[in-house]
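The structure comes first, then the entries.

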Amino acid sequence: MLSIQLFRTDKELLLEGLKKKNFKDLHLVDEIIALDEERRKVQAESDTLAATINVASKQVGMLMAQGKKEEADLQKATVAASKDAAKNFIQQLATIETDLQEKLLKLPNLPHSSVPAGKTPEDNEVVRQSKDTPNLTAQKLPHWELAAKYELIDFELGNKITGSGFPVYIGQGARLQRALISYFLDYNIAAGYKEYYPPYMVNEASAYGTGQLPDKEGQMYHATEDNFYLIPTAEVPVTNIYRDEIIKELPVMMTAYSPCFRREAGSYGKDVRGLNRVHQFDKVEIVQFSHPGKSYEALEQMVFHIEKLLQSLQLQYRILRLCGGDMSFTSALTYDFEVYSAAQERWLEVSSVSNFESFQTNRMKIRFKDENGKTQLVHSLNGSSLALPRIVACILENHQTPEGVKLPEVLIPYYRDSFIK
RNA sequence: GGUGAGGUGGGUGAGUGGCUGAAACCAAUAGUUUGCUAAACUGUCGUACGGGUUAAACUGUACCGGGGGUUCGAAUCCCCCCCUCACCGCCA
């Protein structure tokens, strides 16, 4: 949620940013400004009236104590007379505030100045790309065939137990999941992130906090009996750890593994074959809360952190700076990491790292005391390090050899073998 | 699921209708002092939204789990909801 101060002081900047994000309903800006002014006007009047009522009420008590009953009754009448007006003001205020809030929630975050203009993924900017491309000559099997060949993943079995998009990992496949999760967590912890093991279901307030509600409700599995939501990412429970808190020491660096549940309503076709898109998958997430002046530095660090991780897995990757039109609603700057699937001959997104600035924390009221002792919103950032399915897909495809899948060096201690065969 | 107790500021915890935005203690923080890896003393110390100011000072309103009600006036009384704890039941 954008801060209301922006509307009072930087209207031009606001409009410019919204345009870059291809936001259409620009008239909302003027409506919000008008509502804000009205709100302040009504509040001033309401507060004044409330003040006079409070004074009169206090006098009733004093007069009664002195035994001046008639004068007290007079004051009572004064208060009673103002009561309707006071109630009216309160209702007016509530209406205006609800309206204001609703409109404010419709506006996306403003893009950072480095965000390229554009509307579609084609307009994303390639920041860096690893040089070498995998040299697969003899065989070039896609991961779903490799998974069948080595009995790693049974997609059909998942259909029977639950439904499509719920793969069952078996034997070496299951072991690889465990190895990757442990490796990713250890890698993050070594960089200073604190490990959390959060709940996999959250309440409504948490889902609102990170912005899954109200607009992305259909993407989450909902346990209606208790009104809990299955988390679509560990970002939700982990970020909410600090909801309504004033943080004592920045930065806060957290990492968590969790399964992720996504309904992915409306996705079909060859793009979702195998592990490319599933309803339940595993991911290790990193989250940071940062001083507003240092959040972009933190973002670059996170990008570097993930880049090194991908290099250690010997996967070919590229880093994209998303254009205004392709960025998420809440983000100010997003870098996507894609790894090249040699067998499918396409890039697959494996991580997305974003700075949300104060867009999330404004809604969740996550703050700190600045140098002058004033309470300010912190900046929040997060990224995947990493999402497993597509990493698994690329490891299988890109490291396939006639002898089996040769695992990268760093995974061997975790997998306790060097080949999947 | 049943029964009981309870939800107050960073923490413990007092407060059962006006003198309470809230005692006391602890923590935190600033300073004073003592020549020692600390103690003593003093001050400051909730949040939000307004007004005000270059910025402060200052000032108004709201908030004692959430919502509603009674009353001139509510942390305090009433109703509904949520949550926590204890015991019982069930159980990985």
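Below are my entries, grouped by topic.

**Ground rules**

I'm working from a predicted model, where local features need pLDDT of at least 70, side-chain atom pairs count only at pLDDT 80 or more, and totals for chains, interfaces and linings use all residues. Residues are numbered from 1 along each chain as its sequence is written, chains are lettered from A and ligands numbered from 1 in the order in which they are written, and side-chain values use heavy atoms, with hydrogens and water left out.

**Overall look at chain A**

I began with the secondary structure and found 13 helices and 19 strands in chain A. Here helices (H or I, at least four residues) and strands (E, at least two) are DSSP runs, numbered from the N terminus. The C-alpha trace of chain A spans about 100 × 45 × 40 Å along its principal axes. I then checked burial: 48% of the 421 residues of chain A count as buried. Buried means under 20% relative accessible area, exposed means over 50%, and partly exposed is in between (1.4 Å probe, protein chains only).

**RNA strand B**

- An N or O atom in the side chain of arginine 8 is 2.2 Å from a phosphate oxygen of RNA strand B.
- Arginine 367 has a polar side-chain atom 3.1 Å from a phosphate oxygen of RNA strand B.
- Aspartate 47 puts a polar side-chain atom 2.9 Å from a base nitrogen of RNA strand B.

Helix H3 (27–65), H4 and strand S14 (367–369) each give two or more residues to this surface. H3 gives the most, with eleven residues. By class I have four nonpolar, five polar and nine charged residues near RNA strand B. For classes, Ala, Val, Leu, Ile, Met, Phe, Trp, Tyr, Cys and Pro count as nonpolar, Asp, Glu, Lys and Arg as charged, and the others, Gly among them, as polar.

**S14 and its sheet**

I followed S14 into an open sheet of three strands, ordered S8-S14-S15, with mixed pairing. The edge strands are S8 (246–247) and S15, each pairing on one side only. Strands pair if DSSP finds at least two bridges between them. S8 and S14 pair in the parallel sense over two bridges, and isoleucine 246 stands opposite arginine 367 in S14.

Glycine 373 is in the loop between S14 and S15.

**Strand S11**

Why is S11 largely enclosed by the rest of the structure? I checked: five of its five residues are buried, so S11 is largely enclosed. Tyr317, Ile319 and Arg321 are buried on one side, and Arg318 and Leu320 on the other. S11 pairs antiparallel with strand S1 (residues 125–129) over four bridges, and arginine 318 is the bridge partner of glutamine 129. Five bridges join S11 to S12, also antiparallel, with isoleucine 319 opposite phenylalanine 337 in S12.

**Pockets**

On a 1 Å grid over the protein atoms alone, a pocket is an open set of points where a 1.4 Å probe fits, with protein on both sides within 12 Å along at least five of seven lines; lining residues have an atom within 4 Å of a point.

The largest pocket holds about 1,500 Å³ of space. I counted 49 lining residues, with Arg262, Glu264, Arg277, Glu349 and Ser352 nearest its centre. S13 supplies the largest share of that lining, nine residues. The lining has 17 nonpolar, 17 polar and 15 charged residues.

The second largest pocket has about 660 Å³. Volumes are the space filled by probe spheres set on the grid points, which are joined across faces, edges and corners. I listed 26 lining residues for the second largest pocket, with Ser3, Ile4, Gln5, Asn362 and Leu377 nearest its centre.

Methods: Polar contact = N/O pair within 3.5 Å; in protein donor to acceptor, adjacent residues only side chain to side chain.
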